[in-house]
Amino acid sequence: MTLAEPAVRLLRLLPPEAAHRWTVRLLRGADALRLPLEGGPHRIAPQRAFGLDFPNPVGLAAGFDKDAEAVRAALALGFGFVEVGSVTPQPQPGNPRPRVFRLPEDGAVINRYGFNSKGLDRAERRLAGLRQRPLPGPLGVNLGANRASDDLAADYATGARRLAPYADYLVVNVSSPNTPGLRALQDAAALRGLLEPVQAALEDSGPARRPLLLKVAPDLEPADIDDIAGIAQTPLLDGLIVSNTTVSRPPDLRSPLAGEAGGLSGRPLMAPSTAVLGAFRERLGPDLPIVGVGGIAGSADAAAKRAAGATLIQLYTGLIYEGPALIRAAAEGFRDAAA
Ligand SMILES: Cc1cc2nc3c(=O)[nH]c(=O)nc-3n(C[C@H](O)[C@H](O)[C@H](O)COP(=O)(O)O)c2cc1C
């Protein structure tokens, strides 16, 4: 798309949250006007995973389109699939601003949005509207929990029951660092207690049970990885997404904003999240699908995710710095890598 590069440069002049809001708005407008953008998902290295066909292996990661406003436009830009959310059951505003920070010296972002979400009712309406016409690539729905919920685990079953009819796959996100207590749900006993009611909700939601993935943090100890891998090999899960943002701060970050609280994404996340992906692949063997996400900024990163065992990949922060040309580059890097 010829307009993309200047648009990305202009958007970077805005403060990060405003740039994010405007990007979603512009994509929504492009969709309403049916602008051709890139003309649809790139047809590069098509994949099949958890019963779905992906025109290319590169997805838009959760958190960009939290309220399912730009799905068709993201597919038109070339993505092979889109994951919306995280959606929380009740609408909630998230943390006070500022809550997103660019670290350009590091090719990174720190965010502490804290699950700002327009909630399930709104998401359901938008997704039902979207499904009026076929989509050219799979749509994932990523589920979160309300900060004020007195049963964080139950929020996921509620989300699954309501949104499964519109999703090609669902994601339980217990790895965002900005909701107190959430990441403790990655503990084995807590995870089983959480996933069983979600699976029951999916059974109730119709004849075609939707695949269920778990999104994990990169900040896991080897024992956590063993526990989660054990659960991933039961019928409770169809795949993993590795990984969310990190609460750690590599010592070599150069940006003066490196000390901001929140989850770090982008280039500094590439090595640690790929190492965790590799550790999961080693424990799981070749079959269980893993979506590799964290730090993809070019074709070589996409290739490295595949080499570490990714079945599909996703990106978000790289798009801020590289623009939508990254989507094609990542798909080509994945295609040309050794699996
Ligand atoms: C501003 C921002 C908001 C995010 N919000 C969510 C979210 O709501 N749910 C989620 O599962 N992941 C969220 N993420 C994490 C991304 O989906 C992804 O896992 C992470 O950023 C690593 O990929 P990247 O380095 O390509 O950005 C968010 C990331 C960013 C940068």
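A: A friendly start with a term: helices (H or I, at least four residues) and strands (E, at least two) are DSSP runs, numbered from the N terminus. By that reading, V100 is found in strand β5. This is a predicted model, where local features need pLDDT of at least 70, side-chain atom pairs count only at pLDDT 80 or more, and totals for chains, interfaces and linings use all residues. Residues are numbered from 1 along each chain as its sequence is written.

Q: Which strand do four bridges join to β5?

A: Strands of a sheet pair through backbone hydrogen bonds, either parallel or antiparallel. Two strands pair if DSSP finds at least two bridges between them. Here β5 is joined by four bridges to β6 (residues 108-111), and the two run antiparallel. Within β6, I110 is the bridge partner of F101.

Q: What is the order of the strands in the open sheet?

A: The three strands follow the order β5-β6-β11, with antiparallel pairing. Because β5 (100-103) and β11 (263-266) each have a single partner strand, they stand at the edges, and one side of each is left without a neighbour in the sheet.

Q: How many residues along the chain lie between V100 and E17 in the numbering?

A: V100 and E17 are 83 residues apart along the chain, and their C-alpha atoms are separated by 6.1 Å.
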